[in-house]
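The entries follow the order in which I worked.

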Amino acid sequence: MSAKENRDNTRQGQLHDLKVVEFAHVVAGPMAGSLLADQGAEVVHVEPPGLGDAARQMGPKRDNVPLWFKVAGRNKRSVTLDLHHESGRDVAHRLVEWADVVIVTLRNDRLRKWELDWDAVHRVNPKAILLQISGYGANTSLADAPGFGKMGEARSGVVHLTGFPDGPPVHTGFSHGDAVTGLMGAYAIMAAAYRRATDPDFDGEWIDLALFEPLYRLVEWQIIIHDQLGIDPMRAGNQLAVAPAAVINSYQSTDGDWITVTSATLRSVINIARLLGFDEDEYRTSEQQLANKKHLDDGLREWIAKRSTADTLAALSAAEVVASRVFSAADIAADPIYAERDDIITVEDPDLGPVRMQAALPHFRRQPGAVWRSGPALGEDNALVYRDWLGLSVEEINNLERHGVV
């Protein structure tokens, strides 16, 4: 069965008729497109001929086949196009005209030069939604500066808050800034698409997203606390600089496992005090609990250190205290709850055979998304997109191929 036949036979999700073209490489922009593709959008990933998107070579390999792009590029169409050529830019404008959504991550000056900036996109397709992701935003003095996700994480305040008080700031162990920017980008596209569908006067939309803004938005309390209290929250290890309750930390069992315990209500903290044999009357109010926070933390650490992981989790569950062992990838792959949720799926890949990866999330129970292909080969969909969708003639495509444009 061909990729096209497979795509048509598994057409699922909420976004069947949404057409997306992304002039975006590596993580943030393609993540936004990937989330849309998982829900049925038709996403065309534009790559330069030759090596393609740099993400194709990122990360570990098996039998010299890179693994990361098998997930990052899934559910998309791959076409090759050299935007340095005028004829390539002409085809790019045909793609913009075809699309409902355009995703770009090129620098401002390059967007203007290649006429993929807001003014050009809006001129070519007045109803198009443009998601522009950049390091510092399109309207700043650093609009033309390069930017990557780790820079966004550093500027957001998140890294300053992550780590232990006596240690350096710590980045999370994945492309946190890029991934969250992709997630917020997909959310923003959906907000604009709703207005496009309901407003008869819709005149396109330009979503201008800087890499530091999504994580900055998610740390809800940092600005108001600084503004109103003059406090600059600092690192607090596995606790939180600004915590909703008295017990939030990770503790090690006799098995060497780390167990995270969270008590976000007065009742759950009292349950911990009871479990530890403390006087419950000293933990009735939030003020009392915060005043005794260190006593609770030290007591829980000592209590868990004397018990196995299984005994600890069983006792905490019986006391209605929320806790979890800190999972590794191997733990996730073997976990029954992940299995019950169908959160890990198997996809047939032409290079690797069956591969396991995340399901299309979140779950829509009436019309779920699906994964119909792993990351495609470079330019695998040139004929389908250029000939069948854009209507280029065989002669035009042959001419573009002859000049190395596609």
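**Entry 1: terms and source.** I took helices (H or I, at least four residues) and strands (E, at least two) as DSSP runs, numbered from the N terminus. The model is predicted, so to speak of local features I needed pLDDT of at least 70, and side-chain atom pairs counted only at pLDDT 80 or more, while totals for chains, interfaces and linings use all residues. Residues are numbered from 1 along each chain as its sequence is written, and side-chain values use heavy atoms, with hydrogens and water left out.

**Entry 2: second largest pocket.** I defined a pocket on a 1 Å grid over the protein atoms alone, as an open set of points where a 1.4 Å probe fits, with protein on both sides within 12 Å along at least five of seven lines; lining residues have an atom within 4 Å of a point. Grid points are joined across faces, edges and corners, and a volume is the space filled by probe spheres set on the points. The second largest pocket came to about 870 Å³. I found 39 residues in its lining, and those closest to the centre are His-25, Val-26, Thr-105, Leu-106 and Arg-107. At least two lining residues each come from H2, strand S2 (42–47), helix H5 (108–113), strand S7 (129–134) and helix H7 (149–156). H7 gives the most, with 3 residues. For classes I counted Ala, Val, Leu, Ile, Met, Phe, Trp, Tyr, Cys and Pro as nonpolar, Asp, Glu, Lys and Arg as charged, and the others, Gly among them, as polar. This lining has 21 nonpolar, 9 polar and 9 charged residues.

**Entry 3: largest pocket.** I then turned to the largest pocket, with a volume of about 1400 Å³. Of its 35 lining residues, Met-31, Val-71, Arg-74, Met-357 and Gln-358 are the closest to its centre. Two or more lining residues come from each of helix H2 (28–38), helix H3 (68–72), helix H9 (176–198), helix H16 (329–334) and strand S13 (353–358). By class, I noted 26 nonpolar, 3 polar and 6 charged residues in this lining.

Entry 4: I called two strands paired if DSSP finds at least two bridges between them. An open sheet of 6 strands runs in the order S5-S2-S1-S6-S7-S8, with parallel pairing. For angles I used axes that are lines fitted to C-alpha atoms, for helices over the stretch in contact; angles run from 0 to 180 degrees between N-to-C directions. Neighbouring strands of this sheet are turned by 20° against each other on average, direction ignored. Strand S1 (residues 19–23) and strand S6 (residues 101–104) are joined by 4 bridges in the parallel sense, and Val-20 has Val-101 in S6 as its bridge partner.

Helix H4 (residues 86–98) lies across S1, S2 and S6, at about 145° to S1. Helix H18 (residues 382–389) lies across S2 and S5, at about 85° to S5.

Entry 5: My criterion for a salt bridge was a side-chain nitrogen of Lys or Arg within 4 Å of a carboxyl oxygen of Asp or Glu. The count by this rule is 25. One of them joins the side chains of Arg-77 and Asp-381, at 3.4 Å from N to O.

**Entry 6: antiparallel pairing.** I found an open sheet of 3 strands in the order S9-S10-S11, paired antiparallel. Strand S9 (247–252) and strand S11 (322–325) are at the edges with a single partner strand each, so one side of each has no neighbour in the sheet. Neighbouring strands here are turned by 15° against each other on average, direction ignored. S9 and strand S10 (residues 258–263) run antiparallel and are joined by 6 bridges; Tyr-251 is the bridge partner of Ile-259 in S10. Helix H15 (residues 309–318) packs on this sheet, touching S10 and S11, and makes about 160° with the direction of S11.

Strand S12 (residues 344–349) also pairs antiparallel with S13, over 6 bridges. A hairpin of 3 residues joins S12 to S13, and Ile-344 stands opposite Gln-358 in S13.

**Entry 7: backbone.** Which peptide bond is cis? The bond from Leu-361 to Pro-362 is, with omega near 0°, and Pro-362 sits in the loop between S13 and H18. Asp-63 has a positive phi of about 55° although it is not a glycine.

Technical notes. Contact = heavy atoms within 4.5 Å.
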